[in-house]
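Subject: Structure for your study

Dear colleague,

Please find below the structure that I am handing over to you.

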Amino acid sequence: MEQRIIDSIEAIVGKDGYSTKPADLYTYGFDASIFHNTPDIVIQPKTTEQVSEIMKIANKEKIPVVARGAGTGLCGSAVPIKGGIVLAMQKMNKVKRVSVADLWVDVEPGVIYNDLNDELEKYGFFFPPSPGSAEAAHIGGMVANNASGMRAVKYGATRDYVLGLTFVKADGEIVRAGTRTIKDSSGYQLARLMCGSEGTLGIITEITLKLTTKPKKSAYCLCTFNSIHDAGKCIAALIAKPMIPASCELMDSISIKAVNKARGNPVPDCEALCIFEADGETDEIITRDLKIIEEVANETGAVTVTPSYDKKQIDAWTDARKSIMTSLSALKPGFSSVSLADDMGVPISKVPDAVKAFQEIADKYRVTIATYGHAGDGNLHTKMLLDPTDPDEWERGVKATDDIFDVCIDLGGTVTGEHGVGIAKAPKFKRERESELSSIIAIKKAMDPNNILNPGKLEQWEGSIITNLRYPCEKCS
Ligand SMILES: Cc1cc2nc3c(=O)[nH]c(=O)nc-3n(C[C@H](O)[C@H](O)[C@H](O)COP(=O)(O)OP(=O)(O)OC[C@H]3O[C@@H](n4cnc5c(N)ncnc54)[C@H](O)[C@@H]3O)c2cc1C
């Protein structure tokens with residue numbers, strides 16, 4: 001990057017507000033996906049006005065800008081694939097105002113999910129989506145990805161809580177979108193448009209989230225099954241009852257083996273299991289809902305049904321579920337767990353068909369696929385275990401990925417339930433959203449005519465997704 005541009009950036013954020021050191025550039029070239037690319041500069045703004053001034057320079061000079069939260073995204077959406085500026089938002093990390101009287105909280109984008117909930121807990125409220133990355137993910141990254149997690153089945157995704165937000169357009173204009181009211185009718189919902197836009201339409205610098213009360217009680221039930229198809233049938237049958245679990249997590253035999261090996265057997269060794277959560281205000285509600293879960297599990301062929309109110313037991317189960325991703329890489333020496341088809345969504349009644357199809361695809365392409373997820377809302381994750389230095393493994397992995405995505409789209413589902421599109425899902429995203437594509441392209445052109453905001457992602461991706469890999473595999477691209 002030319003020195004005169006660096007000088008003008010320094011005039012906005014000061015000497016300690018940016019870095020061009022190779023070690024920093026290398027580090028900020030990753031997120032949690034399979035991709036890596038080095039930016040030219042990393043900038044850490046502290047205010048909306050600083051973001052606005054930076055965007056004016058970037059727009060004039062036509063420099064790519066990639067906003068970055070905690071970098072926990074799994075499909076490359078925060079990787080600066082065209083170089084340029086990484087706008088790292090971690091210094092904008094204040095919970096600015098909690099208004100319990102009006103049921104909202106104003107936060108800066110760099111606030112971490114768990115930190116926000118620690119603050120809201122003081123008032124008896126919470127922000128429910130509960131991503132597995134709760135200890136790290138930023139609210140800005142969650143809005144930009146429309147993230148969710150374990151509790152989405154009952155409480156919805158991030159977008160369901162966004163009342164309004166402030167964002168900076170590509171040309172530096174500051175826009176306040178939405179409201180601080182619980183209801184607002186008609187008009188284009190620009191705040192909603194920013195949810196899931198993955199940094200391609202603007203830089204989010206403040207968010208107003210709706211508050212909701214935190215249920216006082218909860219209990220869990222772990223059910224084991226002889227097959228993942230049976231577990232899927234149980235989930236579909238339960239959701240059809242007039243009772244919505246607070247969470248409903250599925251693990252297949254590979255995920256179970258991985259966490260039991262890595263974490264000292266926190267869950268029973270079996271072909272598949274579901275961990276259900278019931279929550280509410282009273283013991284009566286919990287008892288009633290657990291009874292429904294137990295009945296449905298028994299009717300649909302559960303081998304064991306274990307309800308629990310014991311915090312230690314429940315923590316062991318939920319920690320096991322949260323540690324699947326990290327445990328998988330330790331399952332087979334020399335193999336890594338990679339995010340390719342990592343986050344599909346299908347109609348809930350189709351969960352049994354989808355999980356069965358994933359197993360058939362794994363056999364067809366001779367790849368090891370772990371299946372798990374927040375299956376109560378139809379959100380299914382798969383991870384492939386492969387040797388990331390072997391081009392043949394990647395080739396088979398990509399073929400399996402294509403088939404998995406096609407199965408989910410054909411079942412009426414989506415290539416991404418919560419992790420976003422980025423690079424990894426871009427080709428099949430275009431298939432899924434074919435009818436929306438021309439509108440998506442027109443919106444992007446209107447909001448970012450010079451194409452500087454996270455260019456080359458989503459609908460703009462061309463070519464193979466096996467490129468810019470973070471792994472040492474020279475013959476892969
Ligand atoms: C172990 C693990 C578990 C996970 N579990 C879940 C889960 O249960 N549910 C789930 O939804 N996700 C999950 N994820 C994925 C990821 O944590 C989420 O998608 C999360 O929302 C990303 O937040 P982040 O702050 O890390 O964003 P980043 O990865 O830094 O960025 C994500 C996207 O948001 C954009 N962005 C970031 N900040 C801004 C901003 N201020 N303005 C505009 N655009 C911005 C980036 O450009 C990028 O496109 C998991 C990831 C890991 C590693």
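Helix α5 gives the most to the shell around the ligand, with five residues. Helices (H or I, at least four residues) and strands (E, at least two) are DSSP runs, numbered from the N terminus.

Please note that this is a predicted model, in which local features need pLDDT of at least 70 and side-chain atom pairs count only at pLDDT 80 or more, while totals for chains, interfaces and linings use all residues. Residues are numbered from 1 along each chain as its sequence is written.

The ligand

Of the 37 residues around the ligand, those that come nearest are G69, G73, G132, G141 and G199. A residue is near a molecule or strand if its C-beta atom, placed from the backbone, lies within 6 Å of it. Two or more residues of the shell come from each of β3 (65-68), α5 (139-145) and β10 (203-210). By residue type, the shell divides into 16 nonpolar, 17 polar and four charged. Here Ala, Val, Leu, Ile, Met, Phe, Trp, Tyr, Cys and Pro count as nonpolar, Asp, Glu, Lys and Arg as charged, and the others, Gly among them, as polar.

The domains

The protein chain is assigned domain 1 (95-213) and domain 2 (218-420); such bounds come from an automatic or database domain assignment. Each of these domains supplies at least three residues to the shell around the ligand. The C-alpha centres of domain 1 and domain 2 lie 27 Å apart. Twelve residues of domain 1 are in contact with 13 residues of domain 2, where contact requires C-beta atoms, placed from the backbone, within 7 Å. On the side of domain 1 that touches domain 2, helix α6 (residues 152-155) gives the most, with three residues. That side of domain 1 comprises five nonpolar, four polar and three charged residues.

The helix pairs

Two packed helices are described by the angle between their axes and the distance between the axes. Axes are lines fitted to C-alpha atoms, for helices over the stretch in contact, and angles run from 0 to 180 degrees between N-to-C directions.

The axes of helix α8 (residues 228-239) and helix α13 (residues 351-365) come within 8 Å and cross at roughly 160°. Therefore α8 is roughly antiparallel to α13; angles under 35 degrees count as roughly parallel, over 145 as roughly antiparallel, 65 to 115 as roughly perpendicular and the rest as oblique. The contact involves I228, H229, G232, K233, I235 and A236 of α8, together with V351, P352, V355 and K356 of α13. These residues divide into six nonpolar, two polar and two charged.

Helix α13 also packs with helix α14 (residues 391-410), at an angle of about 155° and with their axes 10 Å apart. That makes α13 roughly antiparallel to α14. Among the residues making this contact are F358 and I361 of α13 and I404 and V407 of α14. The contact of α13 with α14 has ten nonpolar residues, no polar and three charged.

Which kind of arrangement do α8 and α10 have? Helix α8 and helix α10 (residues 283-299) pack at an angle of about 135°, with their axes 9 Å apart. Therefore α8 is oblique to α10. In this pair, C234, A237 and L238 of α8 meet I293, V296 and A297 of α10. The residues of this contact are six nonpolar, no polar and no charged.

Yours sincerely

Note on methods: Contact = placed C-beta atoms within 7 Å.
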